[in-house]
Amino acid sequence: MSLLETMITQVPTLIGVAVGTAGTIIATTVAERARWRRSQTVRWDERRLDAYADFTRAVKEIHLLALGMLSAHRPGARTPPLGREEGLARLAEADVRHTLTWEAVLLLGDEVTVGAASAWRHAVRALEQAARSLPDPPDDLAGLVRRADETRDGFYRAARGSLGVRGGIVDQVRRPADNRAPATRL
């Protein structure tokens, strides 16, 4: 057998090795890219969750401070009363935290969640303005509280959708037509 014949008989083996190597490289590259994308998705979802949770705490703090300042004007209120001077000082501090957390929501949130966060933020801002206007609260204080609660629920729905959280409706505001158990309100 000549050298040429020997080389020709080895060509299929060499082609098989080359194809196998190329296939392994391609499969490894595709798998690594998919793993990297998954890790990036998890990383950003974790940051988004932190941003939403921090924002929620900051807005809820302003909400509770305003309700405390307004508790004397809300029949049946269960929020502990908070004096005007102390309330204004604590609102100023809470507003700084709120402003910082809002930036993270703007940076990381999707369009629907940012819109819902903005609506909740404005509704709580109206409650805050009512607290700041004491001793003359607005006539529709119950409506302001309800609007803040409803927009909070809207933000929670949007944030859960943004994060892919399942589990059904988690609204805290009980609407008259609902058959759900009464929500706990502050």
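This note sets out, point by point, the aromatic contacts, helices, surface features and salt bridges of a predicted model.

1. Aromatic pairs. Across the whole structure, 7 aromatic pairs are found. One of them joins Trp120 and Phe155 in a stacked arrangement, with 5.5 Å between the ring centres and 25° between the planes. The two residues come from distant parts of the chain: Trp120 belongs to helix H3 (residues 111-132) and Phe155 to helix H4 (residues 141-163), a separation of 35 residues. Trp120 is buried, as its relative accessibility is 0%. Phe155 is also buried, with a relative accessible area of 1%.

2. A further partner for Trp120. Tyr156 pairs with Trp120 edge-to-face, at 6.0 Å centre to centre and with 70° between the planes. This pair likewise links distant parts of the chain, since Trp120 lies in helix H3 and Tyr156 in helix H4, 36 residues apart. Tyr156 counts as partly exposed because its relative accessibility is 23%, and the cut-off for a buried residue is under 20%.

3. The aromatic cluster. Trp120, Phe155 and Tyr156 belong to one aromatic cluster, which also takes in Tyr52, Phe55 and Trp102. Elsewhere, an aromatic ring meets a charge: the charged end of Arg47 sits over the ring of Trp44, 5.4 Å from the ring centre.

4. Helix H4. This helix has 23 residues, and the distance from its first C-alpha to its last is 33 Å, close to the 33 Å expected at 1.5 Å a residue. Its buried residues include Leu141, Val145, Ala148, Phe155, Ala158 and Ala159. Just after the helix, Gly164 adopts a positive phi of about 75°.

5. The loop between H3 and H4. Pro135 is located in this loop. The peptide bond that joins Leu134 and Pro135 is cis, with omega about 20°.

6. Surface features of helix H1. Val11, Ile15 and Val19 make up a nonpolar patch on the surface, and their accessible area together is about 260 Å². Of these, Ile15 is placed in helix H1 (residues 3-70). Trp36 also lies in helix H1, and this tryptophan counts as exposed because its relative accessibility is 53%. Gly23, another residue of H1, is partly exposed at 35% relative accessibility.

7. The C-alpha atoms of Gly23 and Asp110 are separated by 38 Å, and the two residues are 87 residues apart along the chain. For Trp36 and Ser118, 82 residues apart along the chain, the C-alpha separation is 32 Å.

8. Salt bridges in helix H1. The structure holds 12 salt bridges. One pairs Arg35 with Glu32, whose closest N and O atoms are 2.5 Å apart. About one helical turn separates Arg35 and Glu32, because they are 3 residues apart in helix H1. Both are partly exposed, Arg35 at 45% relative accessibility and Glu32 at 41%. A further salt bridge joins the side chains of Asp54 and Arg57, at 2.4 Å from N to O. These two residues are also 3 apart in helix H1, about one turn of the helix. Asp54 is partly exposed at 35% relative accessibility, whereas Arg57 is exposed, with a relative accessible area of 52%.

9. In general, an α-helix has 3.6 residues a turn, so residues three or four places apart point the same way. Arg146 is partly exposed, with a relative accessible area of 28%, and Glu150 is partly exposed at 25%. Finally, a network of salt bridges links Asp95, Arg125, Glu128 and Arg132.

Definitions and conventions: Residues numbered from 1 in each chain as written. Predicted model: local features only at pLDDT ≥ 70, side-chain atom pairs only at ≥ 80, totals over all residues. Heavy atoms only, no water. Phe/Tyr/Trp six-rings, centres within 6.5 Å; stacked < 30°, edge-to-face > 60°. Helix = DSSP H or I, 4+ residues; strand = E, 2+ residues; numbered from the N terminus. Buried < 20%, exposed > 50% of the residue type's maximum accessible area, 1.4 Å probe, protein only. Lys NZ or Arg CZ within 6 Å of the ring centre and 35° of its normal. Expected span 1.5 Å × (residues − 1). Patch = residues over 30% accessible without salt bridge, like charges linked within 9 Å, V, L, I, M, F, W, Y side chains within 5 Å. Areas by Shrake-Rupley, 256 points an atom, 1.4 Å probe, with all protein chains shown as cover. Salt bridge = Lys/Arg side-chain N within 4 Å of Asp/Glu carboxyl O.
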